[in-house]
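Reader: I've got a model open and I'd like to learn how to read helix packing and salt bridges in it. Can you walk me through?

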Amino acid sequence: MGVKEEKKQGVAEPGVVVSSVEVSFFAQSTPQRWREFMVALGCRLEPKATPLHWETELVALPEILKKGDRFLTGEVHPLLPSPEETHWVLKLQPVPSPTPPQELIDMSRQLGGYPGILERISDGWPAERRIEVRSKVSFILDEKKWRSPFAPKQRMALKPVSSNGHRAVLSFENYSWEFDSPGPLRKVNDLGYVDEGRGLFALSCSGQDTLELEPEMLSRVEVTLWQLVRGFLKAPPRRRPKTGVAG
(Lines give C-alpha, C1' and ligand atoms only; values in the text may rest on other atoms or scores of the structure.)
Protein backbone atom coordinates (compact mmCIF):
# COMPACT_ATOMS: atom_id res chain seq x y z
CA MET A 1 0.00 0.00 0.00
CA GLY A 2 1.48 3.35 -1.05
CA VAL A 3 1.68 6.14 1.48
CA LYS A 4 0.38 9.49 0.33
CA GLU A 5 2.07 12.77 1.12
CA GLU A 6 0.20 15.51 2.95
CA LYS A 7 -1.53 17.87 0.58
CA LYS A 8 -0.77 21.51 1.33
CA GLN A 9 -4.35 22.51 2.13
CA GLY A 10 -3.74 24.43 5.33
CA VAL A 11 -2.65 27.99 5.98
CA ALA A 12 0.05 29.20 3.59
CA GLU A 13 0.76 32.87 4.18
CA PRO A 14 3.96 34.84 4.87
CA GLY A 15 4.78 35.35 8.53
CA VAL A 16 2.53 32.63 9.95
CA VAL A 17 3.28 29.02 10.92
CA VAL A 18 0.67 26.62 12.29
CA SER A 19 2.17 25.14 15.46
CA SER A 20 -0.59 22.61 16.16
CA VAL A 21 -4.18 21.68 15.27
CA GLU A 22 -6.34 19.70 17.68
CA VAL A 23 -9.94 18.51 17.33
CA SER A 24 -12.14 16.76 19.87
CA PHE A 25 -15.54 15.19 19.21
CA PHE A 26 -18.00 12.45 20.22
CA ALA A 27 -19.64 9.89 17.95
CA GLN A 28 -22.15 7.06 18.40
CA SER A 29 -22.37 3.57 16.94
CA THR A 30 -22.78 0.07 18.36
CA PRO A 31 -19.97 -1.24 20.61
CA GLN A 32 -19.38 -4.11 18.15
CA ARG A 33 -19.04 -1.78 15.16
CA TRP A 34 -16.61 0.45 17.06
CA ARG A 35 -14.45 -2.50 18.00
CA GLU A 36 -14.46 -3.90 14.46
CA PHE A 37 -13.66 -0.48 13.03
CA MET A 38 -10.73 0.18 15.37
CA VAL A 39 -9.26 -3.29 14.81
CA ALA A 40 -9.59 -2.84 11.03
CA LEU A 41 -7.63 0.43 11.34
CA GLY A 42 -4.82 -1.52 12.99
CA CYS A 43 -5.30 -0.19 16.52
CA ARG A 44 -4.37 -2.12 19.64
CA LEU A 45 -7.29 -1.92 22.09
CA GLU A 46 -6.27 -1.79 25.73
CA PRO A 47 -9.03 -3.26 27.97
CA LYS A 48 -10.56 -1.03 30.65
CA ALA A 49 -13.37 -1.53 33.19
CA THR A 50 -15.40 -4.02 31.13
CA PRO A 51 -14.92 -5.89 27.82
CA LEU A 52 -16.96 -3.13 26.14
CA HIS A 53 -14.62 -0.42 27.39
CA TRP A 54 -11.16 0.09 25.95
CA GLU A 55 -8.77 2.82 24.92
CA THR A 56 -6.28 3.19 22.13
CA GLU A 57 -3.67 5.64 20.88
CA LEU A 58 -2.93 6.68 17.32
CA VAL A 59 0.45 7.71 15.93
CA ALA A 60 0.81 8.34 12.19
CA LEU A 61 3.99 9.69 10.58
CA PRO A 62 4.84 10.72 7.01
CA GLU A 63 6.72 7.99 5.20
CA ILE A 64 9.65 10.34 4.51
CA LEU A 65 10.31 12.93 7.21
CA LYS A 66 11.28 16.39 6.00
CA LYS A 67 11.69 19.72 7.77
CA GLY A 68 8.30 21.22 8.51
CA ASP A 69 6.41 17.93 8.17
CA ARG A 70 3.59 17.18 10.58
CA PHE A 71 2.43 13.98 12.20
CA LEU A 72 -0.84 12.93 13.79
CA THR A 73 -1.48 11.63 17.28
CA GLY A 74 -4.80 10.63 18.76
CA GLU A 75 -6.70 9.06 21.62
CA VAL A 76 -9.99 7.16 21.37
CA HIS A 77 -12.12 5.51 24.06
CA PRO A 78 -15.78 4.65 24.71
CA LEU A 79 -17.56 6.56 27.45
CA LEU A 80 -18.67 5.13 30.76
CA PRO A 81 -21.35 3.86 31.17
CA SER A 82 -22.31 4.22 27.46
CA PRO A 83 -19.90 2.20 25.29
CA GLU A 84 -21.81 3.09 22.13
CA GLU A 85 -20.43 6.64 22.37
CA THR A 86 -16.72 7.23 21.80
CA HIS A 87 -14.59 10.28 22.47
CA TRP A 88 -11.98 11.18 19.85
CA VAL A 89 -9.02 13.56 20.13
CA LEU A 90 -6.83 14.08 17.05
CA LYS A 91 -3.82 16.39 16.95
CA LEU A 92 -1.47 17.55 14.20
CA GLN A 93 1.91 18.97 15.18
CA PRO A 94 5.44 19.27 13.77
CA VAL A 95 7.57 16.13 13.79
CA PRO A 96 9.94 16.56 16.79
CA SER A 97 12.73 14.40 15.40
CA PRO A 98 13.76 13.10 11.95
CA THR A 99 14.59 9.77 13.62
CA PRO A 100 11.57 8.68 15.70
CA PRO A 101 11.72 5.45 17.75
CA GLN A 102 11.20 2.26 15.76
CA GLU A 103 8.14 1.45 17.88
CA LEU A 104 6.39 4.60 16.61
CA ILE A 105 7.43 3.89 13.03
CA ASP A 106 5.93 0.40 13.26
CA MET A 107 2.71 1.71 14.80
CA SER A 108 2.44 4.37 12.11
CA ARG A 109 2.87 1.90 9.26
CA GLN A 110 0.27 -0.39 10.76
CA LEU A 111 -2.22 2.50 10.75
CA GLY A 112 -1.36 3.58 7.20
CA GLY A 113 0.89 6.54 8.04
CA TYR A 114 -0.02 10.21 7.75
CA PRO A 115 -2.08 11.47 6.00
CA GLY A 116 -3.27 8.00 4.96
CA ILE A 117 -4.79 7.32 8.39
CA LEU A 118 -7.29 10.18 7.90
CA GLU A 119 -8.56 8.65 4.66
CA ARG A 120 -8.88 5.23 6.31
CA ILE A 121 -10.86 6.71 9.22
CA SER A 122 -13.16 8.52 6.80
CA ASP A 123 -13.64 5.55 4.45
CA GLY A 124 -14.69 3.13 7.19
CA TRP A 125 -16.43 5.56 9.56
CA PRO A 126 -19.29 3.64 11.30
CA ALA A 127 -21.16 6.64 12.73
CA GLU A 128 -22.98 9.81 11.69
CA ARG A 129 -20.63 11.96 9.58
CA ARG A 130 -21.94 15.32 10.83
CA ILE A 131 -20.26 15.89 14.19
CA GLU A 132 -19.90 18.71 16.70
CA VAL A 133 -16.19 19.52 16.84
CA ARG A 134 -14.27 21.47 19.44
CA SER A 135 -10.97 22.70 18.08
CA LYS A 136 -7.78 24.44 19.10
CA VAL A 137 -5.19 25.87 16.72
CA SER A 138 -1.91 27.51 17.71
CA PHE A 139 -0.16 29.94 15.36
CA ILE A 140 3.38 31.33 15.46
CA LEU A 141 3.38 34.83 13.96
CA ASP A 142 6.15 37.17 12.85
CA GLU A 143 5.65 40.65 14.25
CA LYS A 144 7.26 42.09 11.11
CA LYS A 145 4.12 40.92 9.28
CA TRP A 146 1.41 40.95 11.95
CA ARG A 147 0.38 42.93 15.03
CA SER A 148 -1.90 41.41 17.65
CA PRO A 149 -4.69 43.43 19.33
CA PHE A 150 -4.81 40.64 21.93
CA ALA A 151 -1.26 41.25 23.22
CA PRO A 152 -0.78 41.27 27.03
CA LYS A 153 -0.48 45.07 27.13
CA GLN A 154 -3.92 45.37 25.49
CA ARG A 155 -5.49 43.66 28.50
CA MET A 156 -4.83 46.76 30.58
CA ALA A 157 -7.18 48.81 28.38
CA LEU A 158 -10.11 46.44 29.13
CA LYS A 159 -11.74 47.45 25.84
CA PRO A 160 -13.46 45.05 23.43
CA VAL A 161 -11.73 44.35 20.12
CA SER A 162 -13.91 44.41 16.98
CA SER A 163 -13.52 43.37 13.34
CA ASN A 164 -16.05 42.73 10.55
CA GLY A 165 -19.01 42.53 12.90
CA HIS A 166 -17.24 40.25 15.40
CA ARG A 167 -16.34 41.46 18.87
CA ALA A 168 -13.95 39.93 21.40
CA VAL A 169 -14.25 40.73 25.10
CA LEU A 170 -11.57 40.01 27.69
CA SER A 171 -12.47 37.24 30.12
CA PHE A 172 -11.11 37.85 33.61
CA GLU A 173 -11.34 34.14 34.42
CA ASN A 174 -8.45 33.07 32.18
CA TYR A 175 -7.37 36.29 30.47
CA SER A 176 -8.44 35.04 27.06
CA TRP A 177 -10.54 37.01 24.59
CA GLU A 178 -14.04 35.57 24.13
CA PHE A 179 -16.26 36.32 21.15
CA ASP A 180 -19.82 37.40 21.88
CA SER A 181 -21.15 36.66 18.37
CA PRO A 182 -21.99 33.16 17.09
CA GLY A 183 -19.39 31.54 14.88
CA PRO A 184 -16.64 28.92 14.76
CA LEU A 185 -14.08 31.13 16.57
CA ARG A 186 -14.83 31.26 20.30
CA LYS A 187 -11.63 32.30 22.14
CA VAL A 188 -8.19 33.79 21.41
CA ASN A 189 -5.24 33.98 23.75
CA ASP A 190 -2.03 35.86 22.94
CA LEU A 191 0.75 33.82 24.55
CA GLY A 192 3.42 36.45 23.99
CA TYR A 193 6.86 35.93 22.51
CA VAL A 194 8.18 32.46 21.79
CA ASP A 195 11.36 33.98 20.32
CA GLU A 196 11.66 37.67 21.13
CA GLY A 197 14.97 38.02 19.30
CA ARG A 198 13.32 37.00 16.02
CA GLY A 199 10.06 38.77 16.85
CA LEU A 200 7.95 35.61 16.90
CA PHE A 201 4.83 35.43 19.08
CA ALA A 202 2.09 32.81 19.57
CA LEU A 203 -1.68 32.96 19.31
CA SER A 204 -3.91 30.15 20.56
CA CYS A 205 -7.41 30.01 19.04
CA SER A 206 -10.31 27.85 20.23
CA GLY A 207 -13.41 27.09 18.23
CA GLN A 208 -16.54 24.99 17.93
CA ASP A 209 -18.42 24.03 14.79
CA THR A 210 -20.52 21.30 13.18
CA LEU A 211 -18.41 19.64 10.50
CA GLU A 212 -18.42 16.72 8.10
CA LEU A 213 -16.02 13.97 9.06
CA GLU A 214 -13.62 13.79 6.09
CA PRO A 215 -9.86 13.52 5.52
CA GLU A 216 -9.56 17.31 5.15
CA MET A 217 -11.39 18.12 8.41
CA LEU A 218 -8.29 19.23 10.36
CA SER A 219 -7.08 21.37 7.47
CA ARG A 220 -10.50 23.02 7.23
CA VAL A 221 -10.44 23.82 10.95
CA GLU A 222 -6.96 25.32 10.61
CA VAL A 223 -7.94 27.54 7.66
CA THR A 224 -11.31 28.60 9.12
CA LEU A 225 -9.89 29.77 12.46
CA TRP A 226 -7.00 31.53 10.74
CA GLN A 227 -9.30 33.42 8.38
CA LEU A 228 -11.42 34.59 11.31
CA VAL A 229 -8.58 35.64 13.61
CA ARG A 230 -6.70 37.19 10.67
CA GLY A 231 -9.34 39.90 10.46
CA PHE A 232 -8.27 41.14 13.89
CA LEU A 233 -4.56 41.22 13.12
CA LYS A 234 -2.97 44.34 11.73
CA ALA A 235 0.03 44.85 9.52
CA PRO A 236 2.79 46.77 11.32
CA PRO A 237 3.18 50.40 10.29
CA ARG A 238 5.57 51.01 7.44
CA ARG A 239 8.77 52.67 8.42
CA ARG A 240 9.26 56.04 6.82
CA PRO A 241 12.58 56.38 5.02
CA LYS A 242 15.05 58.56 6.81
CA THR A 243 15.74 61.83 5.09
CA GLY A 244 19.06 63.52 5.54
CA VAL A 245 19.72 67.22 5.41
CA ALA A 246 22.14 68.24 2.72
CA GLY A 247 25.09 70.16 4.04
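Author: Let's take a pair of helices, then some charged pairs. Keep in mind that this is a predicted model.

Reader: How are two packed helices described?

Author: By the angle between their axes and the distance between the axes. Here, take helix α1 (residues 31–41) and helix α3 (residues 116–124): their axes come within 11 Å and cross at roughly 150 degrees. That makes α1 roughly antiparallel to α3, since angles over 145 degrees count that way. The crossing of α1 and α3 is right-handed.

Reader: Which residues of α1 and α3 make the contact?

Author: On α1 it's F37, A40 and L41, and α3 brings I117, R120, I121 and G124. Sorted by type, the residues of this contact are 5 nonpolar, 1 polar and 1 charged.

Reader: Now salt bridges. How many does a search of the whole structure find?

Author: It finds 11. One of them joins the side chains of E222 and R70, at 2.9 Å from N to O. E222 sits in helix α4 (residues 217–230) and R70 in strand β4 (residues 70–78), so this pair ties together parts that are 152 residues apart in sequence.

Reader: Are E222 and R70 buried or exposed?

Author: Both are buried. For another case, look at K48 and E55, whose side chains meet in a salt bridge at 3.7 Å, N to O. K48 is partly exposed, at 48% relative accessible area, and E55 is partly exposed too, at 36%.

Reader: What about R198 and D195?

Author: They form a salt bridge, with the closest N and O atoms 3.7 Å apart. R198 is exposed at 56% relative accessible area, while D195 is partly exposed at 26%.

Note on methods. Residues numbered from 1 in each chain as written. Predicted model: local features only at pLDDT ≥ 70, side-chain atom pairs only at ≥ 80, totals over all residues. Heavy atoms only, no water. Axes fitted to C-alpha atoms, helices over the stretch in contact; angles between N-to-C directions. Helix = DSSP H or I, 4+ residues; strand = E, 2+ residues; numbered from the N terminus. Parallel < 35°, antiparallel > 145°, perpendicular 65-115°, else oblique. Left-handed = near helix turned anticlockwise from the far one by under 90°. Contact = heavy atoms within 4.5 Å. Nonpolar A, V, L, I, M, F, W, Y, C, P; charged D, E, K, R; others polar. Salt bridge = Lys/Arg side-chain N within 4 Å of Asp/Glu carboxyl O. Buried < 20%, exposed > 50% of the residue type's maximum accessible area, 1.4 Å probe, protein only.
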